[in-house]
Amino acid sequence: MKSPSQIEIPSRAFPTRSTRPVRAATCLIAASLALSFVGPLNADDQIRAKIAAAGDAERWKADIVGVLEETDTTIMPNGLGVATHYRLLKILRDGGIRSQSVQRFPFDPHTNRVDLLSIRVFRADGAVEEIPVENPIRQPQPAWGIFWPTEQYLISLPRLEIGDAVECRWRLTGFNVAYLRHSHASDLSTSFDDRNAYGVPLKPPVPGHWHDEVHFWSSYPIIEKRYIVRVPRDKTLQYEIYNGELRVSQVLEGDMLIHTFEKQNIEPLKEEPAMEALPNVAPKLLLATLPTWEDKSRWLYEVSEPQFEADDAIRTKVAEIIRDCRTDEEKYTALCHWVAENIRYAGTSRGMCEGYTVHRSIETFADRCGVCKDKAGMLVTMLRVAGFESYLVMTMARQRVDRIPADQFNHAVTCIRYPDGSLKLLDPTWMPKSRDVWSTLEPLQHVVYGLPEGKGLSLSPYFPPEDCQATWVSRSVLRPDNALEGTLEFTAVGAPENRLRRALATFHPDDRQQLFDASFQRLSPAARVSDVVCMDPVDFSGPIRLSCRFEAPDFVLGHGPRRYVRLPMMQAVLGDRVLVDLLGQASLEKRKYGLKLWATRLARFEETILLPKDWKVVATPQPVQLDGPSAALSFQVELKPGELRYVFDLRVKKWTIPPDEYHNFKQVMDKFDELTGPVLAVEVEDADVPS
């Protein structure tokens, strides 16, 4: 392979690609080393013209603008590749000076290699400044939880000014998995160098196959973006474009079929609060040479199976864990709990295969740590020792997986196969301080089971609102001095239970009162809580329960003959723990993207309020019944002399609210907000009237 200084820049100008095959083929044939984007030799004047035409901050309302971004990718027969990247950014405001003063090039030295080809600064006054790239700073990428040896090159630039443009060219050789998020690529050079950054020959995860996921969205405006992929004509490439349109061309060049995908004038994506995952809604391109998801399923089985060996220490621990279990459900639940609580989430690297194979269970058991795939593999091994048929499963946590069989996964879980062929999912990574063996935050989530016979893309089970229920049962008393006192019985299951258990587990048992003191501030800043009885967060014998007494002085508004009262439990004490993803999420009039919540939900408030004998209710909220595809609400009130009782149900049926169903969700949540206000009016006989 030629060094960067020896590479000849092929001849090509910058005009928009013609749709005529002859012209397109001519341009692409000239681009033999994926540097077609640079334009003709000594074409700096054309680059300057593009920079000038890009405009200024007034036009883009941004710190930088991408003048041109291109990646040229070639698939090698063994599934490896090299991508040559080009990026030309123009500085528009001071923020761009700060963000571009140091150029960063991330890579994983085990699975790929970065070669810096050139960096130039096109000054606003017309000068071009070449930046040396031979001795970049090489350092670890910041890490937390997963301590794989990912690295980055850093190149500091001389002082930039508004109007300058930074041009970077670099080449990335190798492969990646969804965990690592680097581009795939390859090179047409006859002396293809297939070594990683450590000089070790690379071996792709699926021999002979390749995939990529290309995002055509950005946090800054891009005038032109192009992705080119070169495929041997005897290798089938599947691709699909999602959430938008791209200009596509295909031409034949010798033994390579060349696909080009282009998009112009990419505006920064305007995100919404709590919106669903960007790959679900923003323009993206998926490509893969693997034929089917069944092939991916079989590959997962084959690559994982050697890791599930057990030793005497594991067998002894399994026997100890399930010793007192009487049913299969008790056994797999106990084993899932043990892995969840005893294998800490911390990732260490095993080299090139890291990210797509699990660690050997014997190592994970000894280390007592691993990431999701290692925890899942540990559970597979323990379940097999206990007599279950168990396998590894891939999934994409809380994000859609599309039909092209590219690597779209960021999470690994476990499954059990019963004699009748049915499959049950288990997730030891999300199970700490939880009674759920499969998280209620993962409904209708795409999964690929690692089965020997293969299985297509599947969905996890749906959880109805009742599976994520929180219930408040209270008896409250209003005193003549406007104070409130009462008792609360609270229970929860599913997502709200897990949130509360994990919050409680962060406190020493003697300090858990602090959580309730803080949460009851939703009732009144002066609220006081006493006689708290709470289930231990690691007691999994049933749904979490708690009870307490509470008191709030000056709860009633007003001191004259007419006063106003809020419904106490409708203030949703503990809502900061179990409903926080719902509260305040209906502020927008409409949404362009889906609203992402934790999970489905049923919130039920049942309260009886006793009034002083000389207080008479003169206005109460009216009964309400609302229903729709995503949310529903029911409010029923019953009035007796000296007593008011109400039952309120809030049902959220989906964890992602589609934009066309947001109106239903907003209507329900707005009514909820309305019922939290001072909705009860009373007249007080013989009340003192202010003079």
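## Elements and overall picture

Helices here are DSSP runs of H or I with at least four residues, and strands are E runs of at least two, both numbered from the N terminus. With that in hand, Asn-498 sits in helix α11, which covers residues 494-505. We'll come back to that residue below.

What you have on screen is a predicted model. The chain carries 14 helices and 36 strands. Its C-alpha trace spans about 95 × 70 × 40 Å along the principal axes. There are 691 residues in the chain, and 56% of them are buried.

## Contacts, surface and charge

## A helix pair: α8 and α10

Helix α8 (residues 328-342) and helix α10 (residues 372-385) are worth a look as a pair. Their axes come within 10 Å and cross at roughly 145°. The crossing of α8 past α10 is right-handed. On the α8 side, the contact is made by Tyr-332, Leu-335, Cys-336, Trp-338, Val-339 and Ala-340. The α10 side brings in Lys-375, Met-378, Leu-379, Met-382 and Leu-383.

Most residues other than glycine have a negative phi. So which way do Leu-444 and Asp-554 go? Leu-444 has a positive phi, near 50°, and Asp-554 has one of about 55°.

Leu-444 is in the one between β21 (423-426) and β22 (446-449), while Asp-554 is in the one between β27 (544-552) and β28 (562-565). Exposed or partly exposed, then? Exposed means over 50% relative accessible area. Leu-444 has 49% relative accessibility, so it counts as partly exposed. Asp-554 has 55%, so it counts as exposed.

## Buried residues in helices

Back to Asn-498 in α11. This residue has a relative accessibility of 3%, so it counts as buried. What does Asn-498 touch, beyond its neighbours within four places in sequence? The list is Lys-433, Ser-434, Arg-435, Asp-436 and Thr-440.

Ile-97 belongs to helix α4 (residues 94-100). Its relative accessible area is 8%, which means that Ile-97 is buried. Once residues up to four places away in sequence are set aside, Ile-97 touches Ile-91, Arg-159, Leu-160, Glu-161 and Ile-162. Tyr-227, on the other hand, is 130 residues from Ile-97 in sequence and 27 Å from it in space, C-alpha to C-alpha.

Phe-605 lies in strand β30 (residues 601-610). Buried or exposed? With a relative accessible area of 0%, Phe-605 is buried. Leaving out neighbours within four places in sequence, the contacts of Phe-605 are Trp-472, Met-569, Met-570, Ala-572, Leu-579, Tyr-646, Val-647, Phe-648 and Phe-672.

Phe-605 and Thr-471 are 134 residues apart in sequence, yet their C-alpha atoms are 6.0 Å apart.

Asp-193 is in the loop between β9 (165-174) and β10 (211-215). Buried means under 20% relative accessible area. Asp-193 has 16%, so it is buried although it lies in a loop. Its C-alpha is 9.0 Å from that of Val-82, which is 111 residues away along the chain.

Lys-653 is also in a loop, between β34 (643-652) and β35 (656-657). At 23% relative accessibility, Lys-653 counts as partly exposed. Beyond its neighbours within four places in sequence, Lys-653 is in contact with Tyr-462, Pro-465 and Thr-600, along with Asp-627, Gly-628, Pro-629, Ser-630, Ala-631 and Ala-632. Gly-628 in that list is 25 residues from Lys-653 along the chain, with 9.2 Å between their C-alpha atoms.

Notes:
Residues numbered from 1 in each chain as written. Predicted model: local features only at pLDDT ≥ 70, side-chain atom pairs only at ≥ 80, totals over all residues. Heavy atoms only, no water. Buried < 20%, exposed > 50% of the residue type's maximum accessible area, 1.4 Å probe, protein only. Axes fitted to C-alpha atoms, helices over the stretch in contact; angles between N-to-C directions. Left-handed = near helix turned anticlockwise from the far one by under 90°. Contact = heavy atoms within 4.5 Å.
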